[in-house]
Amino acid sequence: MLTGRRGLPVVVVGAGPYGLSVAAHLRAARVPVRIFGEVLGSWRHAMATGMFLKSTPAATDLSAPEPGGRLADFRRVHGEPELTELTPIPCDVFVRYGQWFQKRYVGEIDPGRVVGVDRDGAGFRVRLDDGQELAASAIVVATGLNGLAHIPEELRRLVPEGPGPAALVSHTSHHTDLSRYAGRRVAVIGGGQSALESAALLHEAGAEAQVLVRGRRVLWGMTPDLARPWPQRLTKPASPLGTGWILAAVCKAPGGVRRLPPSARLLLFRRALGPSGGWWLRDRVEGVVPVRTACQVTGAAAEGGTVRLALAGPRGGSETLVVDHVLAATGYRLALDGVPFLMSGLRAAVACVPGSKAPDLTGAFESSVPGLYFTGSLAAPMFGPMMRFVAGTEYAATHIAGHLTRRTAAV
């Protein structure tokens, strides 16, 4: 138990969906809290203009401590029509919703960047990029996917000064505007939503894009049926992540997922949701953007401002592809190494999920370091794939805030 820290705030690092939701519940419970970050910063700066959310409206509600904070409520307040499953949600709509939610339920957010967190007696010491320091009773890491982008080593070697939009190689999270590649040849590596939507945007911006997919085929979501007959609803129940009993179960009981053996949890985490594209995106890709399936990148070399990719085909054949830029839609690695503001000693003290570099967490999302909590994507290897999506905010925020409220009352 944290002792001798009465009156010190809980510090929430990150102002994305999870950070906002946790802070909203803490403030409603009158727990002192300071939240650092930019409201939905990743949604504003790590997603290309023109992108849509893959999730349905019912799966994009932030967690408010009282009724009235859903996406549908935001739309109604502003006189905008309610969105349905047949209405893809533009990212800018979600950003406006997050800003409205913050003003209504969270209040002031400090834009300072947290650059250091370390233990300080029974609590923590937080250092900001301007040199300021403050004491905290607890820390909630809610930084989303920031710092976790994965680029395969054979591509990373091509950019010793680092990947980025102006380099030969970049990750999809590096972009807000893909029109800079108009007239250029771009290879998009990956077969999920990020790869397919980026390829569509590149094509529509005038780039010569093609997608290289390791799998044998591209998977697409099914067009929602708003009036599914009851036998289908029974055999394939709906959930925030799609239809089917497995997805429904992991969404209904994240705490139950946590109780599974580590090997079973990791298998579920890795296979419950494979790469796929949204149903509404299909017409913008199929027959429009060249897509190579069963295609493996076996080598890469930089030559005169271009990239030469060695490709292995489905029948053992090989060929070379020369492009001006490689866009890696190769996902993220959920590892504590991607949270650089945790000081090395503190990071080393956090126990990890066996077989993973993600933190091992209690049912309240607390790590093996008392008072240090993790939520969002870094909690997915413990609580299941719902933590990778906005739909997990309700479960995470209520459990973290409830635990911290009880802890604060006991100090």
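1. Glu 204 forms a salt bridge with Arg 284, and the closest N and O atoms of the two are 2.9 Å apart; a salt bridge here is a side-chain nitrogen of Lys or Arg within 4 Å of a carboxyl oxygen of Asp or Glu. The pair links distant parts of the chain, with Glu 204 in helix H6 (residues 193-204) and Arg 284 in the loop between helix H10 (262-271) and strand E14 (291-292), 80 residues apart. Helices (H or I, at least four residues) and strands (E, at least two) are DSSP runs, numbered from the N terminus. With a relative accessible area of 47%, Glu 204 is partly exposed, where buried means under 20% relative accessible area, exposed over 50%, and partly exposed in between (1.4 Å probe, protein chains only).

2. A word on the basis of these values: this is a predicted model, in which local features need pLDDT of at least 70 and side-chain atom pairs count only at pLDDT 80 or more, while totals for chains, interfaces and linings use all residues. Residues are numbered from 1 along each chain as its sequence is written, and side-chain values use heavy atoms, with hydrogens and water left out.

3. The structure holds 13 salt bridges, and one of them joins the side chains of Glu 80 and Arg 96 at 3.2 Å, N to O. Glu 80 lies in the loop between helix H3 (71-77) and strand E4 (89-90) and Arg 96 in helix H4 (residues 91-106), so this pair ties together parts that are 16 residues apart in sequence. Arg 96 counts as partly exposed, at 32% relative accessibility.

4. Glu 319 and Arg 292 also meet through their side chains in a salt bridge (2.9 Å, N to O). Glu 319 belongs to strand E17 (residues 318-323) and Arg 292 to strand E14, so that distant parts of the chain, 27 residues apart, are linked. Both partners are partly exposed, Glu 319 at 43% relative accessibility and Arg 292 at 25%.

5. Turning to the sheet, three strands form an open sheet in the order E5-E6-E7, with antiparallel pairing; two strands pair if DSSP finds at least two bridges between them. Strand E5 (114-120) and strand E7 (133-136) stand at the edges with a single partner strand each, so one side of each is left without a neighbour in the sheet. Strand E6 (residues 123-128) pairs with E7 in the antiparallel sense over four bridges, and Phe 124 has Ala 136 in E7 as its bridge partner.
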